[in-house]
Amino acid sequence: MAELGSKGVTAGKFATNVQKRLTRAQEKVLQKLGKADETKDEQFEQCVQNFNKQLSEGTRLQKDLRTYLASVKAMHEASKKLTECLQEVYEPDWPGRDDTNKIAENNDLLWTDFHQKLVDQALLTMDTYLGQFPDIKSRIAKRGRKLVDYDSARHHFEALQTAKKKDETKIAKAEEELVKAQKVFEEMNVDLQEELPSLWNSRVGFYVNTFQSIAGLEENFHKEMSKLNQNLHDVLLGLDKQYSGNAFPVKAQPRKKTKLFARLRKKMSSDSTPVKANKSPSPPPDGSPITSPETKTANHELEPSTLEAPGAGIPKSPSQPAEAARAGAEAAGSEAAAGAEASKTEADSGSSSLPAVVVETFPATVNGTVEGGASSERADMPPGFLFKVQAMHDYTATDTDELQLKAGDVVLVIPFENPEEQDEGWLMGVKESDWIQHKELDQCRGVFPENFTERVQ
């Protein structure tokens, strides 16, 4: 019998809840259609908006803090592996071996302590702060349901009062239900009206405490880590002094030789392009005297591939020294001179019958601009000047288009004429001393490894 009674109570409660849901759903539909008025509280709605914003910000902060902690843990592991590697490569006879082992142990302890304090003073506080939101969110939702119940009871009571045929019994019961619904709603509403503004204002102090804790922990961590790094620096400095003759040399990044050859061919072709003259006219058939008309030719717009000097298009081997290149150029010049002398002899023998050829030269141009003309660039810097760098190490040029650098040299960096020719890790420039002395780019500019320099301006 007890079980039947219990089931009857449960069934009755279930039926009551179903009826409440149906009544609320009907009331909301009537309110949306404008057939029933809705109790509004703009101040409370603003509090709810602030609550949702505060919950969203707190959830994001919690997520980002967990990501930060995961990063700290990953950095701890990476630092631990790095110090373990140092311990493995540090040979027993090197000075400071015991010190490096001690530094590695302290490094590991420092990372562990930093991570644990972040968990205790930031993450757990964050979890506690967000732990109060689910309950308040549930109460806000329940308050909304009770407000619908109150509006529904109010509308039912008003409908009975305005009915043509009044039933006092139903009116009295409806009034009783209205008073009960109003009481339940107002109790919840009053509590939330007090809690939500207080919760909203608490966010400032929570954010201050959280980020102050993180900042303080980071500051102490980096101070202690800085001391360990200084100790490690001193230990390695002692090792360097004992083995100073085995310093690791600074090397430049490798260059793509195909681009080097293209630049060399282009430069050699432009330097050795000869002047093209018109052919001499043949004597007239009637045997009349030949006049000597002046023939003008220009020395620009020539194809390097049609009139190349001997050896101009052949790049030297990357391993060939600069002296061999100069010797080849001198030999080519000798052959060209011999050919010119022979041509002169033949021309002298036939000078009585051939017209004179007058060659008119024009100003040389660079990139379509007449040299010596007005320039929009600053007078004290080369065209296209980008910034200055200073050589930190000596660099010995290995190709003819590279700059020879000494530590302390200042180089004015300029862009490549063809950006596709720039190799990764290499810059184009002219040494400041050469530019001040010559003001010429063609003879002074060259490429150099960027990692041998440091930007100064």
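These are my notebook entries on a predicted model of one protein chain.

**Ground rules.** I number residues from 1 along each chain as its sequence is written, and I use heavy atoms for side-chain values, leaving out hydrogens and water. For this predicted model I require pLDDT of at least 70 for local features and pLDDT 80 or more for side-chain atom pairs, while totals for chains, interfaces and linings use all residues.

**Whole chain.** I looked up the secondary structure and found eight helices and seven strands (DSSP runs numbered from the N terminus: H or I of at least four residues for helices, E of at least two for strands). Of the 457 residues, 26% count as buried (under 20% relative accessible area; exposed is over 50%, partly exposed in between; 1.4 Å probe, protein chains only). I took contact as heavy atoms within 4.5 Å. Among contacts between residues at least 6 apart in sequence, 74% join residues at least 24 apart.

**Met-126.** I placed Met-126 in helix α3 (residues 97–131). Met-126 counts as buried because its relative accessibility is 0%. Leaving aside neighbours within four places in sequence, I list its contacts as Gly-58, Leu-61, Gln-62, Leu-65 and Phe-206. I also checked Thr-210, which is 84 residues from Met-126 in sequence and 7.8 Å away, C-alpha to C-alpha.

**Salt bridges.** I note 13 salt bridges in the structure (a side-chain nitrogen of Lys or Arg within 4 Å of a carboxyl oxygen of Asp or Glu).

- Arg-139 pairs with Asp-135, closest N and O atoms 3.7 Å apart. The two are four residues apart in helix α4 (residues 133–162), so about one helical turn separates them. Both are partly exposed, Arg-139 at 22% and Asp-135 at 47%.
- Lys-227 pairs with Glu-224 at 3.7 Å, N to O. These residues are three apart in helix α5, so they too are separated by about one helical turn.
- Glu-417 pairs with Arg-445, closest N and O atoms 2.6 Å apart. Glu-417 is in the loop between β4 (410–414) and β5 (426–431) and Arg-445 in the loop between α8 (432–438) and β6 (446–449), so the pair ties together parts 28 residues apart in sequence. Salt bridges that share partners join Asp-135, Arg-139 and Glu-195 into one network.

**Negative patch.** I found a negative surface patch formed by Glu-186, Glu-187, Asp-191 and Glu-194 (residues with over 30% relative accessible area and no salt bridge, like charges joined within 9 Å). Glu-187 lies in helix α5 (residues 168–242) and is partly exposed, with a relative accessible area of 45%.

How values were computed. Patch = residues over 30% accessible without salt bridge, like charges linked within 9 Å, V, L, I, M, F, W, Y side chains within 5 Å. Areas by Shrake-Rupley, 256 points an atom, 1.4 Å probe, with all protein chains shown as cover. Lys, Arg positive; Asp, Glu negative; His and termini not counted. Charge placed at Lys NZ, Arg CZ, Asp CG, Glu CD.
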